[in-house]
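Here is a short walk through one protein model. Keep the structure in view and follow each stop in turn.

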Amino acid sequence: MTMSAGWYLRRLSRMGPREVAGRAGDAVRRRRWRSARPEGPGVTGARFTAVLPAGAIAAVPPDAAKRLVAEADRLMAGHAEYFGVGRDDMADPDWWYDPRTGRRAPSGYAFDVPYRDEDAVGDIKQIWEPSRHQYLTVLAAAYAVTGNERYAERVAEALRSWWAGNAPLRGVHWTSGIELGIRLLSWVWIRRLLDGWPGAAALFEDNPVALRQIWHHQRWLAAFPSRGSSANNHVIAEAAGQFAASCAFGWFPFSARLRADALRSLERHLRSNTFGSGLNRELATEYHGLVLELGLAAVAEADTAGVPVPASVRLVLLRMTDALAAVVDDRLRPPRQGDADDGHGLVVDGAGTDRWASLLATGEAVFGSLPWWPAVTGADVRTPLLAALIRPYPPDGAAPAVSRPAARPAHFADAGLTILRGPGEIWCRCDGGPHGFLSIAAHAHADALSVEVRHDGVDVLADPGTFCYHGQPEWRRYFRSTLGHNTLRLDGGDQSVSGGPFLWTRQARSRVLVADASDGQVARWCAEHDGYRPSVHRRRVELRGADRELRVVDEVRGDRRAVQLVFHLGPAIAAELEGSRARLTWSRDGEERSATLHLPGRLSWRAHRGESDPPLGWYSAGFGRKEPTTTLIGTGFADGTEGFTTVLRFRD
């Protein structure tokens with residue numbers, strides 16, 4: 001995907017003067033660095049002291065250790081999967097190769113590489129992901145747990161290969177700050193987990209090549225921070241990686257300065273990226289998880305190094321943890337809202353470890369759980385390691401600096417997110433919040449007033465997900481479109497106007513009018529948005545617990561408009577559509593379940609499944625993966641006089 005001149009103009013229009021000046025300075029610096037690439041200062045006598053406390057590895061639960069070792073053995077055999085594409089070359093990977101397209105990224109000066117152009121580079125996510133080196137943190141963790149040196153030796157081989165093939169400022173792995181930041185964090189943990197291995201010092205602090213790589217990574221991050229309209233999760237990853245390296249690898253003359261600068265950036269952007277309620281401002285749940293992981297990892301480095309952290313950092317992470325506990329369903333699954341690219345901050349666990357249960361377990365260990373929290377099941381490697389490094393909060397004998405929710409929150413007013421819950425594990429997310437974060441709302445979808453409904457953790461009315469970012473523009477448009485969500489579309493257009501794959505030039509404004517989940521019998525929500533000006537779309541949702549019934553009423557206020565009312569079913573749901581009635585069936589834990597969806601009779605209904613021209617009827621469980629599912633679309637007209645009522649009734 002190449003960017004047109006029109007895209008650059010639209011992108012420029014979303015920047016303020018300060019951001020424009022900063023980016024102009026970046027451009028000058030890139031030109032200057034092309035011909036002036038210092039080798040980095042000489043370092044002697046460096047020592048690594050940011051080790052795990054005694055007993056930390058012994059605290060890893062046996063089940064978690066077993067999953068970790070199984071994953072490490074798969075990696076040792078060369079097998080891995082990234083975004084739905086299997087690889088068998090991980091014993092000796094080609095760091096610039098994309099297995100999905102078969103293309104290999106070009107070499108040359110990093111800032112000349114057109115990484116957004118799939119025809120020239122390949123799928124950039126496929127190329128970048130292995131070079132985050134999170135598979136190497138898994139191998140290093142397997143060494144720490146087992147003491148088997150073959151894991152450590154494979155890590156050393158891979159790092160030496162990467163350092164030799166990716167000289168500073170050469171090639172695709174020096175183009176994006178988030179990649180450098182996460183890679184630095186991985187290196188810190190690799191060194192920590194390999195501490196008992198005799199070759200660890202020779203690999204890192206006694207290795208001039210490693211020192212040069214670390215120094216150039218930190219120099220790059222200090223020079224080219226994400227700024228202005230791009231200061232989302234990327235800037236937090238950059239700051240967290242920079243801070244971690246400055247703490248654990250504080251061997252350079254600039255280490256103290258970079259540590260202080262990174263901590264200031266981290267504190268500022270954690271606050272700016274997080275609502276007061278604790279939800280992430282990008283309104284993209286997976287980025288909530290990424291930012292929380294990065295923040296916890298940064299605090300772990302601070303406490304290990306004895307670096308004081310502003311109280312606001314821990315308070316933001318505490319609120320984020322409580323917010324996550326509040327919004328998950330009975331199976332600990334959070335909403336599927338906004339973009340998701342399977343990005344993680346720190347990976348030391350094997351396949352099958354539940355990400356959200358792991359985060360809540362860490363939150364419980366660090367902050368303590370509340371009586372209304374869901375029970376956290378399962379075990380993971382990361383929690384005991386982070387808990388061994390992070391000081392308990394609040395400190396022994398100290399009063400908490402913030403009051404925590406006495407009951408489970410259902411409505412997050414600042415984020416416009418409401419969770420309605422009913423008997424039989426009925427869970428419903430209602431979206432009446434801001435379109436996205438910052439002027440470009442990069443990871444937002446055109447999903448105003450959408451609903452997401454689950455029964456016992458099974459997607460019934462599903463958010464289809466994300467699937468892709470670069471290289472497949474028709475699929476990118478579909479998964480972030482209004483048509484790709486459980487809401488109402490007017491005149492065949494989106495509620496918000498896209499200016500590019502990570503850019504919205506006009507954003508729908510939503511407001512919640514009613515959010516009442518306190519009544520034990522009926523939970524109510526009502527909101528409206530102005531994305532189809534001058535018309536207004538208003539939606540009312542009622543969850544009647546005694547009747548096990550969800551009622552959705554859509555109204556269009558304004559002139560006569562063509563309407564499409566859309567409901568995406570989860571991939572586990574079989575549907576039989578007869579007129580305006582759909583019978584839904586699925587199974588859960590060997591039990592057959594069913595529901596009936598009564599659709600507005602004034603609309604003409606059709607079922608779509610797995611269509612590609614144009615895309616329709618798809619569900620993406622993870623980045624790069626999609627599978628057919630059923631989408632029900634009702635077409636007709638709204639004349640402003642009568643609403644459209646949909647009733648979803650679950651059977652006992």
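Which residues in helix 15 are buried? They are Arg355, Trp356, Ala357, Ser358, Leu359, Leu360, Ala361, Thr362, Gly363, Val366 and Phe367. Keep in mind that this is a predicted model.

Stay with helix 15. It runs over residues 355-367 and has 13 residues. From its first C-alpha to its last it reaches 18 Å, close to the 18 Å expected at 1.5 Å a residue. Because 11 of its 13 residues are buried, helix 15 is largely enclosed by the rest of the structure. What do those buried residues pack against? Their partners are helix 13 (285-305), helix 14 (311-327) and helix 16 (382-389).

Now look at the two ends. Asp354 caps the N-terminal end of helix 15. One of its side-chain oxygens lies 2.9 Å from the backbone nitrogen of Trp356. After the helix comes Gly368, with a positive phi near 90 degrees.

Gln134 lies in helix 6, residues 134-146. Its relative accessibility is 8%, so Gln134 counts as buried. The side chain of Gln134 reaches the backbone oxygen of His344 at 2.7 Å. It also reaches the backbone oxygen of Gly345, at 3.4 Å. Leaving aside residues up to four places away in sequence, Gln134 touches Glu129, Ile182, Ser186, His344, Gly345, Leu346 and Val347.

Trp475 sits in helix 17, residues 473-479. It counts as buried because its relative accessibility is 8%. The side chain of Trp475 makes a polar contact with the side chain of Glu474, at 3.5 Å. Which residues does Trp475 touch, not counting those up to four places away in sequence? They are Phe467, Cys468, Glu611, Ser612, Pro615, Trp618 and Lys626. Leu211 is elsewhere: its C-alpha is separated from that of Trp475 by 42 Å, and the two residues are 264 residues apart along the chain.

Next, the backbone. Most residues other than glycine have a negative phi, and most peptide bonds are trans. Leu283 has a positive phi of about 50 degrees although it is not a glycine. Its place is the loop between helix 12 (255-272) and helix 13. Leu283 is buried, at a relative accessible area of 7%. Asp456 also has a positive phi, near 50 degrees. It belongs to the loop between strand 6 (451-455) and strand 7 (458-461). With 9% relative accessibility, Asp456 counts as buried.

Where are cis peptide bonds found? One joins Arg533 and Pro534, with omega about 10 degrees. Pro534 is in the loop between strand 12 (522-529) and strand 13 (536-544). Another joins Asp613 and Pro614, with omega about 0 degrees. Pro614 is in the loop between strand 20 (611-612) and strand 21 (615-616).

Turn to charge. Side chains of opposite charge can pair when their charged atoms come close. How many salt bridges does the structure hold? The count is 54. One of them joins Arg227 and Asp26, whose closest N and O atoms are 3.0 Å apart. Arg227 lies in the loop between helix 10 (208-223) and helix 11 (233-248), and Asp26 in helix 2 (residues 17-35), so the pair ties together parts that are 201 residues apart in sequence. Arg227 is partly exposed at 22%, whereas Asp26 is buried at 5%.

Arg331 forms a salt bridge with Asp589, the closest N and O atoms being 2.8 Å apart. This pair links distant parts of the chain, 258 residues apart. Arg331 is in the loop between helix 14 and helix 15, and Asp589 in the loop between strand 17 (581-588) and strand 18 (591-598). Some charged residues form a group: Asp329, Arg333, Arg429, Glu452, Arg454, Asp459 and Asp463 are linked in a network of salt bridges.

Finish with the cysteines. How many disulfides does the structure hold? It holds 0. Cys526 is in no disulfide either; the nearest cysteine sulfur, that of Cys430, is 10 Å away.

Conventions. Residues numbered from 1 in each chain as written. Predicted model: local features only at pLDDT ≥ 70, side-chain atom pairs only at ≥ 80, totals over all residues. Heavy atoms only, no water. Disulfide = S-S within 2.5 Å. Helix = DSSP H or I, 4+ residues; strand = E, 2+ residues; numbered from the N terminus. Expected span 1.5 Å × (residues − 1). Buried < 20%, exposed > 50% of the residue type's maximum accessible area, 1.4 Å probe, protein only. Contact = heavy atoms within 4.5 Å. Polar contact = N/O pair within 3.5 Å; in protein donor to acceptor, adjacent residues only side chain to side chain. Salt bridge = Lys/Arg side-chain N within 4 Å of Asp/Glu carboxyl O.
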